[in-house]
Amino acid sequence: MSASILPALSLGAGGPLVGAQGLGCMGFSEFYGPTAPAEARETLQIALALGVTMFDTADLYGDGDNERFLGPFVRAHRDRVFLATKFGIVRRAGEKSWSEVRGDRAFVRQSVDANAALLEPVRDIAARRQITPAQVALAWVHQRSRVHGLTVIPIPGTRSPARLRQNVAAATLALPDSELAALEPLAARVAGARYPDMSSTATARE
Ligand SMILES: NC(=O)c1ccc[n+]([C@@H]2O[C@H](COP(=O)([O-])OP(=O)(O)OC[C@H]3O[C@@H](n4cnc5c(N)ncnc54)[C@H](OP(=O)(O)O)[C@@H]3O)[C@@H](O)[C@H]2O)c1
């Protein structure tokens, strides 16, 4: 399945047009293992060539390294790049995360076993279509946004040109109703909280 050019969507009513999928850039600096800078730069270039225009970063990723890494790319393509960044998050020196994590073995084992079982329908669809489970997941997100009439622009992050192509290709993949029906109940069955309660953040924005 090859990646075609992404359609553009309006970011909010009357907002700027951006590619229907963005690129999360956090992994270029930390959290997911080492990054080869040349590969990361290639990933950025391919992303732009395939219609990805929104790039998500933050000043805290790599303590500023992420924004410094993106700087030359943004400067070279300022007219096409839509930059999403965040600032003001206080992170103490050497601290890797800023939220509480429940890491006891029993909780982790229970959640891993429960959630691994949920992957089976995703793997089945991926195997039938000869695509990856990650592509099935992304295609589902895009399709749900169309079903609900909401603009959702996912920002999957990758350091790899090959996985970038896969992720972009998934954005325009149509899943038939039978596959959507198999995927639909899975999210509600995920074991464990995926994020802390972010409602105070939303309230503060309003
Ligand atoms: N997680 C957070 O706390 C957080 C908070 C705020 C904002 N963000 C933003 O949101 C973006 C997305 O964050 P995320 O936490 O969802 O992580 P992510 O950046 O979407 O996922 C990164 C992981 O998924 C792997 N991956 C990507 N595409 C793949 C594919 N097609 N198949 C298999 N593996 C694949 C990446 O490996 P490779 O790099 O090796 O491909 C990496 O290990 C971030 O980059 C950041 O800009 C994240």
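The questions and answers below go through a predicted model and the reasons for the terms applied to it.

Q: How many helices and strands are there in the protein, and how do they run from the N terminus on?
A: The protein has seven helices and five strands. From the N terminus on, the order of the elements is β-β-β-α-β-α-β-α-α-α-α-α.

Q: What makes Val 136 a buried residue?
A: Val 136 has 25 other C-beta atoms within 10 Å. A residue is called buried at 20 or more, so Val 136 is buried. Its place is in helix α4. Apart from neighbours within four places in sequence, Val 136 is in contact with Val 122, Ile 125, Ala 126 and Ile 131. The C-alpha atom of Val 136 is also 10.0 Å from that of Asp 124, and these two residues are 12 apart along the chain.

Q: Why is Gln 130 called exposed?
A: Within 10 Å of Gln 130 there are 7 other C-beta atoms. The term exposed applies at 12 or fewer, so Gln 130 is exposed. Gln 130 belongs to the loop between α3 (105-129) and α4. Its phi is near 55 degrees, which is a positive value in a residue other than glycine.

Q: Why is Asp 63 called partly exposed?
A: Asp 63 has 13 other C-beta atoms within 10 Å. Exposed needs 12 or fewer and buried needs 20 or more, and what lies in between is partly exposed. The count of 13 therefore makes Asp 63 partly exposed. Asp 63 is in the loop between β4 and α2 (65-76). It too is not a glycine, and it has a positive phi of about 50 degrees.

Q: How do you know whether Arg 102 is buried or exposed?
A: Arg 102 has 9 C-beta neighbours inside 10 Å. With 12 or fewer as the limit for exposed, Arg 102 therefore counts as exposed. Arg 102 sits in the loop between β5 and α3. Gly 192 is 90 residues away from Arg 102 in sequence, with a C-alpha to C-alpha separation of 9.6 Å in space.

Q: What makes Ala 171, a loop residue, count as buried?
A: Ala 171 lies in the loop between α5 and α6 (177-183). Not counting residues up to four places away in sequence, Ala 171 touches Leu 6, Ala 20, Gln 21, Leu 138 and His 142.

Q: Which residues of α5 are buried, and what covers them?
A: In α5, the buried residues are Leu 164, Gln 166, Asn 167, Val 168, Ala 169 and Ala 170. Their cover includes α1 (37-49) and α4. In the protein, buried residues make up 23% of the 206 residues.

Q: How is the packing of α4 and α5 described?
A: Two packed helices are described by the angle between their axes and the distance between the axes. The axes of α4 (residues 133-148) and α5 (residues 161-170) come within 8 Å and cross at roughly 35 degrees. The crossing is right-handed. Ala 134, Gln 135, Leu 138 and Ala 139 in α4 meet Gln 166, Asn 167, Ala 169 and Ala 170 in α5. By class, this contact has five nonpolar, three polar and no charged residues.

Q: What makes β3 and β5 edge strands?
A: The three strands of an open sheet come in the order β3-β4-β5, with parallel pairing. Strands β3 (23-24) and β5 (82-84) are its edge strands, as each pairs on one side only.

Q: How do you know that β4 and β5 pair?
A: Pairing needs at least two bridges, and β4 (residues 54-56) and β5 have three bridges in the parallel sense, so the two strands pair. Phe 82 in β5 is the bridge partner of Met 54.

Q: Which residues come nearest to the ligand?
A: Among the 17 residues around the ligand, Gly 24, Met 26, Ala 134, Gly 157 and Thr 158 come nearest. By class, the shell has six nonpolar, eight polar and three charged residues. With three residues, α5 gives the most to this shell.

Terms used: Residues are numbered from 1 along each chain as its sequence is written. This is a predicted model: local features need pLDDT of at least 70, side-chain atom pairs count only at pLDDT 80 or more; totals for chains, interfaces and linings use all residues. Axes are lines fitted to C-alpha atoms, for helices over the stretch in contact, and angles run from 0 to 180 degrees between N-to-C directions. Helices (H or I, at least four residues) and strands (E, at least two) are DSSP runs, numbered from the N terminus. A crossing is left-handed if the near helix is turned anticlockwise from the far one by less than a right angle, and right-handed if clockwise. Two residues are in contact if their C-beta atoms, placed from the backbone, lie within 7 Å. Ala, Val, Leu, Ile, Met, Phe, Trp, Tyr, Cys and Pro count as nonpolar, Asp, Glu, Lys and Arg as charged, and the others, Gly among them, as polar. A residue is near a molecule or strand if its C-beta atom, placed from the backbone, lies within 6 Å of it.
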